[in-house]
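Please read them next to the sequence and the coordinates.

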Amino acid sequence: MTDSAWHKTACSLCYVNCGIEVLTEGRAITRVRGDRDNPRSQGYLCQKAQRLTWYGNHNDRLTTPLRRREDGTHEPVSWETAIKEIAARLKAVRDEDAAASRPGSMAYVGGGGQGNHSGGGYGFALRRWMNSTRFFGALSQEKTGDFWVNGKMFGGQTNHTAEGVEECDLLLVIGCNPWLANGFNRARSAVNDIKNDPGRKMIVVDPRRTETADVADVHLPLRPGTDAYLLGAILALIIERGGADTDFLAKHTDGFNAVAATLGKIPVDEWIAHAEVERTEVDRAVDLILAAEAMTVRVELGIQQGRNSTLNSYLEKLLYLITGNFGRPGTNALHTWLMPLWSESRGERSEITGFEYIGGMLPLNTLAEEILADHPNRVRVLWVESSNPANTAADTASVERAIGAAELSVVIDVAFTETAALADYVLPAASQHEKWEYTFFDFEFPTNYFHLRPPLFDPLPGTLVEAEIYARLFEALGLLPDQSTLDELAGKSRTELLKAAGPILQGNPAIAPILLYRTLGPSLPGNAASVAVLWPGCLALAKRMPVAVQRALHSDKQGPALASELFDRILDSPSGTAFSTHEHDEVWQLMRHDRVQLEVPELLSWLESLDPAQDRPDPEYPLSLINGQRRRHNANQILRPPSWRRTDPDGALHVRTDDLKAIQAREGDWVAVVSRTGRIVVKAEIDDSLRKGQLALPHGFGMAVPDGRGGRVVNGPRINILTDAHDRDPIAGTPHHKDMPVRLELATAQESEAAERDAELVRALISAGS
């Protein structure tokens with residue numbers, strides 16, 4: 001698999017996961033082009049995918065298990081030793097939990113990064129065996145407020161919404177910049193299509209004059225943190241001007257009168273003034289909304305990690321529901337799942353923090369509290385897979401203390417991450433290009449797609465796919481049946497296997513994924529054993545919505561035969577395949593409520609409590625920092641080596657000319673960004689597209705990478721040193737990353753010298769790797 005050739009796969013630098021073809025030479029991806037055979041992205045490609053080789057082909061890869069010494073360094077150990085020792089410690093903790101009648105003491109973090117999901121089902125099996133519910137991940141750092149609102153309105157937290165961008169005549173973009181961040185299929189093409197079509201319009205709500213805002217018909221550059229005020233005012237104006245779709249509301253919703261009563265109390269002019277936008281521009285935006293035949297609303301982290309984030313998610317849904325822009329071509333809708341990326345929660349709460357489980361997850365912001373708490377049921381075991389909370393979770397210092405305080409910490413990853421550097425054991429995984437993988441971000445309606453990707457390369461010697469790691473661990477724990485029983489099950493057809501395994505699973509249901517891997521897995525073509533966990537999902541989908549699956553496959557089969565055809569289609573489609581196709585009016589069948597519940601009392605009370613007088617910047621920290629901005633050549637933390645970036649080698653702070661002059665600094669100077677919790681030194685770069693008082697630091701930096709001299713150097717700003725884990729949404733616990741209160745100061749001479757030394761090392765690495 002290392003000869004020079006073109007291979008089909010998918011980009012993993014954002015969750016759109018466009019289909020691509022890559023040219024490989026040796027173990028490197030040398031060229032990338034869009035895959036025209038991909039039924040979803042159809043050959044589309046943005047600029048970021050060109051350097052994907054840096055994910056798995058760099059000098060920070062792990063190739064042997066590591067065990068932490070007393071002095072904090074790590075020593076290599078064999079797989080047998082690592083698995084045996086970890087299993088013994090896990091069993092001891094589980095037994096202690098049972099003896100003390102306490103819930104499982106394990107915290108599981110991760111379960112799949114961008115485009116790297118095949119290990120998640122196996123990791124969940126371990127958490128289940130450990131009797132633990134505590135699951136943390138990137139989604140609970142970003143999206144759970146949205147999931148909570150979906151649960152209240154549509155009946156299920158997995159009732160996730162999709163956008164009809166390609167067919168809309170009005171695109172309303174709130175808190176995101178699709179031109180650089182993508183976020184929906186063929187984003188740049190879609191933005192250009194709207195820009196060039198006089199019959200289609202676009203509104204952008206964003207403090208910054210983004211590339212998308214620059215081509216919009218209306219741009220509302222609100223003050224950071226005031227989204228709820230502006231959206232509330234727009235909704236009030238829609239109601240006042242008779243913009244509610246009364247027929248739609250009567251047919252499909254409950255609770256409109258309560259919502260209208262609350263919106264009627266909003267002091268529109270006061271709230272618009274508080275958002276610091278022009279009333280005339282707000283009126284223009286309302287005119288476009290009322291004139292639209294098919295409006296779709298696209299939101300992202302700008303409001304989902306901003307002030308009032310869960311409330312923001314509610315208000316953006318009210319925008320399209322009140323106006324009847326739902327369940328029709330060009331509007332918002334719900335989508336199907338092959339297997340949900342998150343689960344349902346029903347009001348369970350953490351004993352430690354009181355936060356509610358949402359989508360089966362607790363806020364990543366609370367991970368350190370769950371470990372460091374003086375509580376009998378605190379977390380004792382930290383298990384991290386394909387995640388790096390020491391760099392990505394809020395308040396780096398607290399997270400580092402928490403990792404050190406865990407009685408056992410284990411990291412499964414491809415690289416020696418910041419979290420791995422603190423862990424007791426580090427287990428080296430094959431990269432997502434060295435194993436069968438799939439993209440789980442299938443968010444399309446009315447046709448939805450799934451993409452299973454064959455490996456591009458053989459795994460590095462010494463690494464294992466996650467499924468094999470967990471299988472060996474479960475064997476060491478003595479949880480799997482003997483080999484003769486496994487062989488007997490492996491002889492069953494896939495449609496008979498689960499039924500035959502029923503008696504075994506009844507006694508220990510946690511082993512189901514491992515059992516499938518060891519029995520069904522070896523029969524799959526191309527060494528695709530880890531893909532076996534998809535089989536139950538195909539069975540469930542074919543049973544739950546057979547007509548939609550039949551349409552997608554153009555099949556007349558039913559029951560297990562339909563599921564088997566779907567499973568085979570997934571295995572045999574290197575460019576991805578459709579797995580469900582609905583008619584638009586079938587969207588209502590995807591809800592768990594019979595009707596959309598517009599009235600969410602907790603959120604209407606929150607809306608009524610908003611008070612501009614009590615919502616002003618802290619004079620000690622008067623600036624607003626965007627923590628994790630998407631730029632032309634940055635992505636996520638799966639790309640560790642700095643060599644992959646073509647621009648922005650320092651991870652510069654973007655700042656307006658006037659805000660930089662206010663501290664008597666110039667472009668290129670080293671400056672200090674100071675928050676309530678920390679201080680970091682960064683290079684300043686002028687960006688007058690920002691709103692006055694707004695700063696921005698990029699996503700995907702702050703990793704300590706090999707410096708070529710036997711040491712390590714930090715690659716750009718480690719921004720979560722600045723974040724306050726307690727500055728978070730009251731319902732979902734998501735951080736306010738997109739509106740962090742900070743101040744700007746000149747760096748000291750010593751700080752500047754140290755920062756410049758590190759920057760020179762990083763630039764040398766970039767030059768050597770180019």
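1. Cysteine 14 sits in the loop that connects β1 (5-10) with β2 (19-25). Helices (H or I, at least four residues) and strands (E, at least two) are DSSP runs, numbered from the N terminus. The relative accessible area of cysteine 14 is 15%, so this residue is buried. Buried means under 20% relative accessible area, exposed over 50%, and partly exposed in between (1.4 Å probe, protein chains only). Between cysteine 14 and glutamate 466 there are 452 residues in sequence and 22 Å in space, C-alpha to C-alpha.

2. A word on the source: this is a predicted model, in which local features need pLDDT of at least 70 and side-chain atom pairs count only at pLDDT 80 or more, while totals for chains, interfaces and linings use all residues. Residues are numbered from 1 along each chain as its sequence is written, and side-chain values use heavy atoms, with hydrogens and water left out.

3. Strand β16 (residues 408-413) is largely enclosed by the rest of the structure, because 6 of its 6 residues are buried. On one side these are Leu408, Val410 and Ile412, and on the other Ser409, Val411 and Asp413, so that both faces of β16 are covered.

4. What does β16 pair with? Strand β15 (residues 381-385) runs parallel to β16 and is joined to it by 5 bridges; tryptophan 383 has valine 410 of β16 as its bridge partner. Strand β17 (residues 425-428) also pairs with β16 in the parallel sense, over 4 bridges, and here valine 411 stands opposite valine 426. Two strands pair if DSSP finds at least two bridges between them.

5. How many salt bridges are there? The count comes to 63, where a salt bridge is a side-chain nitrogen of Lys or Arg within 4 Å of a carboxyl oxygen of Asp or Glu. Glutamate 407 and arginine 380 form one, at 3.4 Å from N to O. This pair links distant parts of the chain, 27 residues apart: glutamate 407 is in the loop between α16 (396-405) and β16, and arginine 380 is in the loop between α14 (367-372) and β15. Glutamate 407 is partly exposed at 35% relative accessible area, whereas arginine 380 is buried at 11%.

6. Within helix α24 (residues 559-571), glutamate 565 and arginine 569 lie 4 residues apart, about one turn of the helix. Their side chains form a salt bridge whose closest N and O atoms are 3.5 Å apart. Glutamate 565 is buried, with 17% relative accessible area, and arginine 569 is partly exposed, with 27%.

7. In the salt bridge between arginine 763 and glutamate 756, the closest N and O atoms are 3.2 Å apart. Arginine 763 is partly exposed at 26% relative accessible area, and glutamate 756 is partly exposed at 22%. Elsewhere, Lys8, Glu21, Arg33, Asp35 and Asp37 belong to one network, joined by salt bridges that share partners.

8. A surface patch of negative charge is made up of Glu166, Glu167, Asp193 and Asp197. Patches are made of residues with over 30% relative accessible area and no salt bridge; like charges are joined within 9 Å, and nonpolar side chains (Val, Leu, Ile, Met, Phe, Trp, Tyr) within 5 Å. Lys and Arg count as positive and Asp and Glu as negative, with His and the chain ends not counted. The place of a charge is taken as NZ of Lys, CZ of Arg, CG of Asp or CD of Glu. Accessible areas come from the Shrake-Rupley method with a 1.4 Å probe, and for residues only the protein chains shown count as cover. Glutamate 166 lies in the loop between β8 (161-162) and β9 (170-174), and its relative accessibility of 54% makes it exposed.
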